[in-house]
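Morning, everyone. Please look at the screen, and I'll walk you through one structure.

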Amino acid sequence: MPKAASIKSSKSSKQAVRATKPAVAKVEKPKREPSAYNLFCKKHMKEWIAAHPGRAKEAMAHMALLWKDAPENPNRGKGPKAKRIKPASGSSELPSDY
């Protein structure tokens with residue numbers, strides 16, 4: 001009795017399938033507006049780099065510190081979000097609501 005043919009997918013077979021399908025035109029979406037943080041960084045980054053030449057690698061760390069207390073920050077004054085506790089993997093215990 002002959003063995004059943006197994007289904008194999010190779011790079012060439014995938015390319016052949018793509019070549020036979022008609023191309024779908026991509027719809028151009030409008031660009032999303034920059035966030036308040038993006039606008040803040042764009043404004044303050046150039047000033048900081050001009051004031052501190054040769055220290056560009058430190059710029060983003062400094063931007064984060066400035067952003068934390070900036071009036072433009074919508075989350076200013078709020079504490080960090082609470083972290084969700086993940087159950088240990090491989091645990092045999094069932095959740096309490098099970």
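Ground rules. This is a predicted model, where local features need pLDDT of at least 70, side-chain atom pairs count only at pLDDT 80 or more, and totals for chains, interfaces and linings use all residues. Residues are numbered from 1 along each chain as its sequence is written, and side-chain values use heavy atoms, with hydrogens and water left out.

Start with helix α2, residues 36-51. Helices here are DSSP runs of H or I, at least four residues, numbered from the N terminus.

Yet α2 has a kink of about 30°, centred on His 44. That bend is the angle between axes fitted to the seven residues ending there and the seven starting there.

Now, which residues of α2 are buried? Buried means under 20% relative accessible area, exposed over 50%, partly exposed in between, with a 1.4 Å probe and protein chains only. The buried set is Phe 40, Cys 41, His 44, Met 45 and Trp 48. Look at the spacing with this in mind. An α-helix has 3.6 residues a turn, so residues three or four places apart point the same way. Part of the cover over those buried residues comes from α3, residues 59-68; contact means heavy atoms within 4.5 Å.

Next, the aromatics. Rings of Phe, Tyr and Trp (its six-membered ring) pair if their centres lie within 6.5 Å; planes under 30 degrees apart are stacked, over 60 edge-to-face, the rest tilted. The count is two aromatic pairs. In one, Tyr 37 and Trp 67 have ring centres 5.3 Å apart and planes at 75°, so that pair is edge-to-face. Tyr 37 is in α2 and Trp 67 in α3, so the pair ties together parts 30 residues apart in sequence. Phe 40 and Trp 67 have centres 5.2 Å apart and planes at 55°, so this pair is tilted. It links Phe 40 in α2 to Trp 67 in α3, 27 residues apart.

Tyr 37, Phe 40 and Trp 67 form one aromatic cluster. Within it, Tyr 37 is partly exposed at 27%. Trp 67 is buried at 14%, and Phe 40 is buried at 4%.

Last, charge. A salt bridge needs a side-chain nitrogen of Lys or Arg within 4 Å of a carboxyl oxygen of Asp or Glu. The count is one. Arg 55 meets Glu 58 at 2.7 Å, N to O. Arg 55 is partly exposed at 37%, and Glu 58 is partly exposed at 40%.

Methods
Helix = DSSP H or I, 4+ residues; strand = E, 2+ residues; numbered from the N terminus. Expected span 1.5 Å × (residues − 1).
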